[in-house]
Amino acid sequence: MESKLNVVGDSFKNKRKMWIMKINVYIDDERTPKNDKYDFIIFRTGEEFLSFLKNNKNITIGLLSLDHDLGADVMDGTKLCTELLYPDINLNIILPKTDEVFFHSGNFEAVKTMRSKFNSAVKVGLISSLVDNKNWLNLNYKRCLVLDIFLLYLFLVLIQFLCYN
């Protein structure tokens with residue numbers, strides 16, 4: 001974890017020192033990150049992450065890596081994005097300043113939805129950038145294509161078996 005000293009205040013007399021800690025966050029109910037480049041804090045549910053943010057105000061996020069399907073009876077990634085990005089009744093946004101957001105979900109439609117929610121946060125400067133998901137999506141697409149071909153093969157074998165018996 002990396003920490004930075006940030007000085008806040010208008011005049012020299014009023015300056016207060018506040019520690020701002022930069023963290024990398026990985027949210028997934030099952031997987032663990034395979035990237036050794038980052039030191040991640042892992043959250044298994046969106047609720048855990050929201051609770052952490054509410055109790056830790058002096059942080060910024062380097063990389064936020066999000067899954068969509070976070071298990072039964074908990075909020076999914078789309079709902080988490082909504083909670084993070086839309087102001088509460090006091091007009092406060094929960095998500096702190098974030099450098100990059102990456103979506104590591106295999107749920108392609110949900111990734112599109114989550115990405116569109118975060119696009120507005122990039123436009124207003126809350127997030128520096130969204131990491132390009134093309135490699136991740138292509139890998140998952142290839143996996144799905146191989147599975148589809150295999151299932152089609154099994155289906156054809158079954159039909160052939162039923163027709164000749």
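1. A word on burial to begin with: a residue is called buried when its relative accessible area is under 20%, exposed when it is over 50%, and partly exposed in between (1.4 Å probe, protein chains only). Helices (H or I, at least four residues) and strands (E, at least two) are DSSP runs, numbered from the N terminus. Please keep in mind that this is a predicted model, in which local features need pLDDT of at least 70 and side-chain atom pairs count only at pLDDT 80 or more, while totals for chains, interfaces and linings use all residues. Residues are numbered from 1 along each chain as its sequence is written, and side-chain values use heavy atoms, with hydrogens and water left out.

2. Now to the charged pairs. A salt bridge is a side-chain nitrogen of Lys or Arg within 4 Å of a carboxyl oxygen of Asp or Glu, and the structure holds 5 of them. One of these joins Asp 67 to Arg 31, with the closest N and O atoms 3.0 Å apart. This pair links distant parts of the chain, 36 residues apart: Asp 67 sits in the loop between β4 (59–66) and α2 (77–85), and Arg 31 in the loop between β2 (16–27) and β3 (40–43). Asp 67 is buried at 3% relative accessibility, whereas Arg 31 is partly exposed at 29%. A network of salt bridges links Asp 28, Arg 31 and Asp 67.

3. Two further salt bridges lie within helices. In α2, Glu 83 and Lys 79 meet at 2.9 Å, N to O; they are 4 residues apart, so about one helical turn separates them. Both ends are partly exposed, Glu 83 at 27% and Lys 79 at 41%. In α3 (residues 108–123), Glu 109 and Lys 112 are 3 residues apart, again separated by about one helical turn, and their side chains meet at 3.2 Å, N to O. Glu 109 is exposed at 53%, and Lys 112 is exposed at 53%.

4. Do have a look at Thr 98 too, in strand β5 (residues 98–103). Its relative accessible area is 0%, so Thr 98 counts as buried. A polar atom of its side chain lies 2.8 Å from the backbone oxygen of Pro 96. Beyond its neighbours within four places in sequence, Thr 98 is in contact with Ile 61, Leu 64, Leu 126, Ile 127 and Ser 128 (contact means heavy atoms within 4.5 Å).

5. Last, the aromatic rings. Rings of Phe, Tyr and Trp (its six-membered ring) pair if their centres lie within 6.5 Å; planes under 30 degrees apart count as stacked, over 60 as edge-to-face and the rest as tilted. By this rule there are 4 aromatic pairs. Among them is the tilted pair of Phe 43 and Phe 52, at 5.2 Å centre to centre with 50° between the planes. Phe 43 is buried at 7% relative accessibility, and ring pairs link Phe 43, Phe 49 and Phe 52 into a cluster.

Methods:
Polar contact = N/O pair within 3.5 Å; in protein donor to acceptor, adjacent residues only side chain to side chain.
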